Amino acid sequence: MKISTCTLLMLSGVGLCAIFYFSGALDLVASNKLEEKENKPISSNSRPGINNWGVSPFVLGGPVKSDTQVTDKNIPNVIYGRNGRAVDFGGLTASDFISKWSSLARAGNQEAAYHVYQAESVCANNDDAIAKFENAADREQFLREREDLQKICKGVTPAQVRERLYFLSMAARGGNVKAQIDFYMEGPYGKSIDLIANRDDPIVQQWKEGAVSNLVAAAQQGEPFAMALLAQVYLAGELLPRDTKMSLTYTVADAIVRNVNISEDQLRRRFGPQMSAADFETALQAGKYMANECCKK
């Protein structure tokens, strides 16, 4: 038994739908290829580098092993986290899985911190109001899967759910690329909020700085999805002042790293009218240099 990604996303209330928006918005970056892979589920046997977004390598490593297994056969080994990745509890409940990794995480181990974050994030927002469904069958499936999640999450306290952002931040600071991207996707309060309306909130301001620095760190490690997100961040102008040159730079770097062919004509049609010819050429070369520096050595 596996719990679907869509159910986790509906339960979470997190703005992960932004992933699909960002992927769709990058019409210059192999949009047809992304659409072909977008709905493919993640499995524990997926090969590294492929996920249900078809964008970046997010699948976790080998299953977590434990000497203590739960006896309830209805608790699956693998479920899907709020970020859409496979999470292997090795047959443990979320509470037991958190206990297994908590000591190492609190001692500063970034991989253990990410494990704890994953487990605690699975249990976030599982009691939210039920959204409207177009048909009864979908609603019943959702309710069954939410009941499974509540069973997995039995014993996980609200305090543990809230502290997931602390462990996520720890893993991101430790250089975990997945955590660096998830920090951005979680939002300032672990949910999607109006960044413009809340721009004066100190928590939002601090999160913006951390989100951008984490995406930049992930991009510097050669993560193309981080580059694609930064291209949209600079284009949208919500986290940072709008900067079309930087958006072009990251678009070019992302395409090169993923071996996607984008012609200069395509780029000029999209970005050229918004900048001078000299600025266009500077941003184009900067994107090529970035890709070569991070990923082509």
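**View 1. Packing of helix H5 against helix H8.** The axes of helix H5 (residues 110-122) and H8 come within 8 Å and cross at roughly 150°. Axes are lines fitted to C-alpha atoms, for helices over the stretch in contact, and angles run from 0 to 180 degrees between N-to-C directions. Helices (H or I, at least four residues) are DSSP runs numbered from the N terminus. The model is predicted: local features need pLDDT of at least 70, side-chain atom pairs count only at pLDDT 80 or more, and totals for chains, interfaces and linings use all residues. Residues are numbered from 1 along each chain as its sequence is written, and side-chain values use heavy atoms, with hydrogens and water left out. H5 and H8 make a left-handed crossing (the near helix is turned anticlockwise from the far one by less than a right angle). On the H5 side, Gln110, Ala113, Tyr114, Val116, Tyr117, Glu120 and Ser121 meet Arg164, Phe167, Leu168, Met170 and Ala171 of H8, where contact means heavy atoms within 4.5 Å. This contact comprises 8 nonpolar, 2 polar and 2 charged residues. Ala, Val, Leu, Ile, Met, Phe, Trp, Tyr, Cys and Pro count as nonpolar, Asp, Glu, Lys and Arg as charged, and the others, Gly among them, as polar.

View 2. Arg106 belongs to H4, which spans residues 94-106. Not counting residues up to four places away in sequence, Arg106 touches Glu163 and Phe167. The C-alpha atoms of Arg106 and Val116 are 9.9 Å apart, with the two residues 10 residues apart along the chain.

**View 3. Packing of helix H8 against helix H9.** H8 (residues 164-173) and H9 (residues 177-186) pack at about 140°, and their axes are 8 Å apart. H8 is therefore oblique to H9 (angles under 35 degrees count as roughly parallel, over 145 as roughly antiparallel, 65 to 115 as roughly perpendicular and the rest as oblique). The crossing is left-handed. Arg164, Leu165, Leu168, Ser169, Ala171 and Ala172 of H8 meet Ala179, Gln180, Asp182, Phe183 and Glu186 of H9. By class, 6 nonpolar, 2 polar and 3 charged residues form this contact.

**View 4. Packing of helix H9 against helix H10.** H9 packs with H10 (residues 202-220) at an angle of about 145°, the axes being 8 Å apart. H9 passes H10 in a left-handed crossing. From H9, Val177, Gln180, Ile181, Phe183 and Tyr184 meet Trp207, Gly210, Ala211, Asn214, Leu215, Ala217 and Ala218 of H10. The contact has 9 nonpolar residues, 3 polar and no charged.

**View 5. The second largest pocket.** Its volume is about 320 Å³. A pocket is, on a 1 Å grid over the protein atoms alone, an open set of points where a 1.4 Å probe fits, with protein on both sides within 12 Å along at least five of seven lines; lining residues have an atom within 4 Å of a point. Grid points are joined across faces, edges and corners, and a volume is the space filled by probe spheres set on the points. Of the 18 lining residues, Cys123, Ala124, Asn125, Asn126 and Val161 are the closest to the pocket centre. H7 gives the largest share of the lining, 3 residues. The lining divides into 8 nonpolar, 5 polar and 5 charged residues.

Notes. Helices (H or I, at least four residues) and strands (E, at least two) are DSSP runs, numbered from the N terminus.
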